[in-house]
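Please find my notes on the model below. They are set out as numbered points, to be read alongside the coordinates.

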Amino acid sequence: MTELGANTRINSARLWDSLMEMARIGPGIAGGCNRQTVTDADAEGRALFQRWCEAAGMSMGVDRMGTMFATRPGTDPEALPVYVGSHLDTQPTGGKFDGVLGVLGALEVVRTMNDLGIRTRHPIVVTNWTNEEGARFAPAMLASGVFAGVHTLEYAYDREDGEGLKFGAELARIGWVGDEEVGARKMHAYYELHIEQGPILEAENKEIGVVTHCQGLWWLEFTLTGKEAHTGSTPMPMRVNAGLAMARIMEMVQEVAMAAQPDAVGGVGQMRFSPNSRNVLPGTVVFTVDIRSPDQAKLDGMRAEIEARAAEICAALKVECAVEAVGHFDPVTFDPALVGAVRRAAEKLGYGHMDIVSGAGHDACWAARVAPATMVMCPCVDGLSHNEAEDITPAWAAAGTDVLFHAVLETAEVVA
């Protein structure tokens, strides 16, 4: 295997231009992006990505979940591919870089290989996973979950958004149902570049996060049923207040997460009141508790305590309580050999780096079930993500993609 020198770098200007061009598709209202999964904007972003991949000499395959696989052949027809990618879908008020950096960074790896005439024994497959975010159709990482056998295709197709539209029907509507069986592809390895989505790397003045683990999570959707009543004329002792129960559960989740420190988080990011009128006590409140930890026992213990205490809170208020787990994955330990390749690349290129645990879920978590996998992270300003103000610098994007480039080529085995 031929080793690349430390002066071999990606084209950082081309990478940044690609990020900015993709960001123009599905623009947000405050400088970010709203390119939610299987929307018309998603279809437009996919078409642009396909044109870029084909211009780089890659062939495109699409599976029945709409996941896109762009292949650059290797020299050994028997060698399994090295997969590299992330996702192009965004939150409703998302940024320009969450997921997108991983897809377009992977594309830049191939473009730079083409520029320099680099060949590898293993093929390289640039991947755009469908519906990583889970914002429109829960759970998150839906397509990679089907790929890894965590979900069935039928389950995925039957997911509904807030308007009752089904994922399968919407995927067909935008014209991105492929013909490949989901999960039929075999991987030699999987790499994913991502912004940190947290403040640690920037605070520690490090350009690179060497991701060793990913937190596990539970998404627990609570449906609380009380009694709609006039807020002005219903006496306090006679109320069956689902909103009050929700508030007490939120406070309890905070207590549980704080008691589980370190390495535990919990909170509520989504809720819906019905009828959502300012002078009517809600008859129904639906909200999702998000708890995470890299420690399996701690994660499951938090869930058990939250569900038990929520039942007590609701019983005291005469509010009915139903809980459904709408998202879950166990903590992930990434492949030590691939983690080592990332660390070696950062050291060779002279980038400041540190080991880090991913606080968010990623497609790499499901890919790790079927192949050796790991991640590379770069900082984001103030740790802000899932927000239109999400930002990174061109230098951070280049550093992360440089490290991705060298680690991927080490695994894919450069040939003379």
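1. How many salt bridges does a search of the whole structure find? The search gives 18 salt bridges. The model is a predicted one, and every value in this note is computed from it.

2. One of these pairs can be followed in detail. Arg-46 and Asp-42 form a salt bridge through their side chains, with an N to O distance of 3.3 Å. Both residues belong to helix α2, which covers residues 40-55. They are 4 residues apart, or about one turn of the helix. Side chains of opposite charge can pair when their charged atoms come close.

3. The domain assignment divides the protein into domain 1 (12-214 + 333-415) and domain 2 (216-329). Domain 1 is therefore listed as two segments, with domain 2 numbered between them. The C-alpha centres of the two domains are 33 Å apart.

4. What do domain 1 and domain 2 bury between them? The area is about 660 Å², and carbon and sulfur atoms account for 67% of it. On the domain 1 side, Pro-139, Cys-214 and Trp-366 supply 36% of the area buried against domain 2, more than any other three residues. In terms of contacts, 11 residues of domain 1 touch 8 residues of domain 2. The count of salt bridges between the two domains is 0.

5. The peptide bond between Ala-138 and Pro-139 is cis, with omega about 5°. Pro-139 sits in the loop between β5 (124-128) and α4 (142-147), and it is one of the three residues named above for the area that domain 1 buries against domain 2.

6. Another cis peptide bond runs from Ser-274 to Pro-275, where omega is near 15°. Pro-275 is in the loop that lies between β10 (265-274) and β11 (280-281). Asp-263, in the loop between α8 (242-259) and β10, has a positive phi near 65° although the residue is not glycine. For background, most residues other than glycine have a negative phi, and most peptide bonds are trans.

7. Helices α10 (336-349) and α12 (394-412) each contribute at least two lining residues. By type, the lining of the second largest pocket comprises 7 nonpolar, 2 polar and 4 charged residues.

How values were computed: Residues numbered from 1 in each chain as written. Predicted model: local features only at pLDDT ≥ 70, side-chain atom pairs only at ≥ 80, totals over all residues. Heavy atoms only, no water. Nonpolar A, V, L, I, M, F, W, Y, C, P; charged D, E, K, R; others polar. Contact = heavy atoms within 4.5 Å. Buried area = accessible area lost by both parts, 1.4 Å probe. Salt bridge = Lys/Arg side-chain N within 4 Å of Asp/Glu carboxyl O.
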